[in-house]
Amino acid sequence: MWSGLQRAMAAVTALFAVSWSMLLVSSGGRLAPAVLATAVVVTALAAVLTVRGALVRLGYGDVWASVGVSLVTEAVFAVERPSLIVVGLRCEPTAVAVLLAIGFGPRRLAWPVSSAVIGAQIAASLPTDGPAAAVQGAWPVLAAAVAAAVLGPLLRTAGARADAAQEQTLTAGATAARAKARREAHHRFQDLLHDEVSSALRAVSMPGIATTQVRQACHSAVDALLRAPAAPGQDADLAALLATLTAGGGPPLSVEVSGAVPVPAEVAEAALGAAAEAVRNAVRHAEAQALKVRLRGDEHGFVLSVADDGVGFSPAGVHVSSMGLRRSVLRRMAAVAGTAEVHSSPGDGTTVRLVWQRARARAVRTGEGRGAVAETPDRMSSIRTAVGDIRRPLAAVCVPYLLATGAVAAIHTVRTPRVSWLMVWYLLLAAVTVALLLRAQKGIGGRAAAAVSAFAVGGAVGSFLVIPTSGIADDTSWPIGAVTPLLTVLVIVRPPWEAVLALVLEQAGVVLVLLAGPPFADSWGESAAKAVPALFAPALGVGMGLAIGQTVARLGAAVMRANAGRAASAAVESARQAREAVHRRRLADLDEEILSFLRRTASGDLSPQASQTRVRARMLDLAVRDELHLPGALGRSTRELLGAARAEGCVVTIQSDADHPPPPDLLRRLLTSALGTKPAPEELVLSVEPRPGALSVGLVTLPGDPERAAALRKALAETSAVVEDGRESTWVEVSTHAGGVAAPSSTGVPIDGDSAVGAAATG
């Protein structure tokens with residue numbers, strides 16, 4: 001921001017250096033020695049300030065130098081009264097001193113110093129011009145002082161607001177990344193439960209499987225549970241990982257690879273998990289005699305296929321709630337922007353084909369993040385990023401000039417009634433400028449900008465139909481500078497060339513009008529020197545606006561790129577922490593029950609051949625399957641109730657898509673009330689059916705039991721549940737609105753991930 005103010009100051013002083021240089025050239029040696037020396041000093045100072053503002057850094061020394069030169073200039077003018085130094089030219093050293101004092105000087109001295117130099121200009125003009133004309137001649141400097149005083153703090157405040165908004169965006173991005181990571185972590189844990197834990201428990205519970213294979217399955221499940229989630233950004237060799245793939249005592253498995261296949265660790269984990277599930281399905285269901293795994297790929301992507309010669313099946317007949325295919329294979333690959341295809345038909349075996357391409361995955365990630373930060377932000381987006389609401393700084397610059405020009409226009413309209421139409425033109429111009437200023441934050445269309453530019457330029461050039469050409473040397477030529485606020489707005493919010501083109505057309509039109517008549521001074525050179533300050537009035541605003549706008553746009557673009565990097569880093573770190581937290585909490589919930597059982601079996605503390613071990617494995621496998629259907633919603637105490645009911649002979653059936661689990665509190669009240677009444681029912685059926693905007697949860701116990709029905713009514717008294725009881729069954733139906741449903745979309749976990757994770761961890 002500071003750099004933008006310096007460049008704007010350099011643009012101002014460059015114009016002033018040109019105008020004073022023209023005075024020196026056109027004077028032809030007619031300047032008094034004191035006036036000549038002053039003109040040389042002013043020109044040199046303007047040139048030095050131009051270089052320092054553009055390339056170095058403006059400081060207190062520049063402020064005091066400009067103040068000294070301004071005071072000396074006014075003193076020389078008061079003594080010499082040179083006719084060649086018109087009021088516009090005299091305003092330039094004063095304006096430089098004021099802008100530097102307010103923008104780059106000590107804050108406590110800014111206004112005292114500014115008041116001193118402005119007062120000196122007015123005092124020097126009083127003897128010849130009178131009080132009214134002296135004050136009127138200082139209006140450009142007064143407007144510049146007000147604009148500078150408001151603009152600096154406003155830019156700093158706006159920048160602070162923009163920084164705060166960016167911090168909020170970063171926080172929101174990290175929060176979204178955590179939520180997404182929680183969902184992914186829940187999905188991953190569900191996959192582990194299905195692929196590793198349930199498979200190991202089933203191996204323990206089934207007779208006829210060799211003890212070494214059972215213990216290997218338990219050991220593999222423990223390793224999978226204790227393994228930390230893959231860290232994004234790291235690469236792993238998928239080919240090397242496939243070497244660990246086994247058929248678990250099934251048919252012969254051949255693995256064919258063509259060399260190293262380096263892919264992101266999370267992609268390797270997903271592909272290996274999907275391939276392992278395809279192998280398990282072939283072993284369990286396909287009655288295959290041989291299995292072949294084939295990997296072809298490089299750092300750009302891979303194709304991994306798992307083929308068996310088993311009985312095959314019809315993929316169209318797979319139920320939507322199938323865990324193996326839909327979750328362990330298809331969803332795993334989709335989560336890393338890959339694809340999975342299952343080709344099979346009855347009697348012809350099955351081939352699972354997994355495909356991942358790095359370019360496609362990068363495109364998917366870019367598409368997901370495009371709403372936050374564009375790769376090449378447009379100019380207005382960059383400006384808004386740097387200063388927030390662009391209307392505030394624009395108003396600080398434009399409104400003082402609009403008011404000052406309006407006062408001057410009113411004075412000249414009263415003095416010269418024949419130019420009253422110019423006052424009407426100016427009022428319309430001011431109204432249009434304010435309207436564009438208010439519209440600046442949303443953007444201004446090209447046609448509207450062209451139309452108002454033509455109106456402004458036409459009025460400024462046309463004013464010389466009623467204003468004598470000699471008026472360009474004083475405030476009579478106010479219409480030339482009246483377009484400054486409008487062009488300043490356009491040069492910032494529109495492509496800069498449009499405002500520059502309008503400025504060039506105005507300047508060219510005025511010059512042509514002047515050339516069409518005789519010189520209004522003693523020579524053409526003197527006429528040009530007197531005309532330049534008036535012509536530079538709109539150029540001053542455009543130059544300052546262009547310098548500030550370009551600098552702010554560059555700053556905003558840099559901030560956006562930096563924030564994009566920060567957002568990506570924050571998202572990655574937040575996601576990593578969320579994944580690890582979810583994994584730890586879910587693991588802690590299983591530690592005392594399932595994980596400890598698998599550990600003891602894998603280490604040989606429990607014999608897989610013992611009947612009580614098989615019974616315990618069957619019960620734990622049922623608990624795992626309950627968790628698969630209702631992720632994070634049961635809790636330890638509820639699982640213990642289900643286990644106790646099953647031990648008494650109760651047949652428990654859960655019909656639920658894991659993508660639509662009911663609220664944990666409702667589920668626990670239902671099951672606690674239904675199973676807390678003894679004896680346990682002979683059969684319990686829990687169903688969850690998604691409906692538009694709601695879930696319908698149903699519970700049926702067989703046979704009917706009045707006490708169980710009463711307990712359910714009491715537990716669900718504050719809901720809209722319907723509880724009915726009869727001899728054959730007791731049944732409950734309750735609907736929950738989407739706002740009270742855990743993950744009513746297809747996330748598979750509660751929207752507020754902490755609530756479900758905490759529930760799973762504490763029971």
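This briefing covers aromatic ring pairs in the structure above. The model is predicted. The count of aromatic pairs comes to 4. Two of them are described below, and their residues, Trp425, Tyr426, Phe455 and Trp478, form one aromatic cluster.

**Trp425 and Phe455**

- The rings of Trp425 and Phe455 form a tilted pair, with 6.5 Å from centre to centre and 45° between the planes.
- Trp425 belongs to helix H14 (residues 420-439) and Phe455 to helix H15 (residues 446-462), so this pair ties together parts that lie 30 residues apart in sequence.
- Trp425 has a relative accessible area of 5% and is buried, because the cut-off for buried is under 20%.
- Phe455, at a relative accessible area of 33%, is partly exposed.

**Tyr426 and Trp478**

- The ring centres of Tyr426 and Trp478 are 5.9 Å apart and the ring planes stand at 90°, so the pair is edge-to-face; planes over 60 degrees apart count as such.
- Tyr426 sits in helix H14 and Trp478 in helix H16 (residues 478-482), so the pair links distant parts of the chain, 52 residues apart.
- Tyr426 is buried, and its relative accessible area is 3%.
- Trp478 also counts as buried, at 6% relative accessibility.

- Helix H14 contributes Trp425 and Tyr426 to the cluster.
- Phe455 comes from helix H15, and Trp478 comes from helix H16.
- Trp425 is buried, as are Tyr426 and Trp478, whereas Phe455 is partly exposed.

How values were computed: Residues are numbered from 1 along each chain as its sequence is written. This is a predicted model: local features need pLDDT of at least 70, side-chain atom pairs count only at pLDDT 80 or more; totals for chains, interfaces and linings use all residues. Side-chain values use heavy atoms; hydrogens and water are left out. Rings of Phe, Tyr and Trp (its six-membered ring) pair if their centres lie within 6.5 Å; planes under 30 degrees apart count as stacked, over 60 as edge-to-face and the rest as tilted. Helices (H or I, at least four residues) and strands (E, at least two) are DSSP runs, numbered from the N terminus. Buried means under 20% relative accessible area, exposed over 50%, partly exposed in between (1.4 Å probe, protein chains only).
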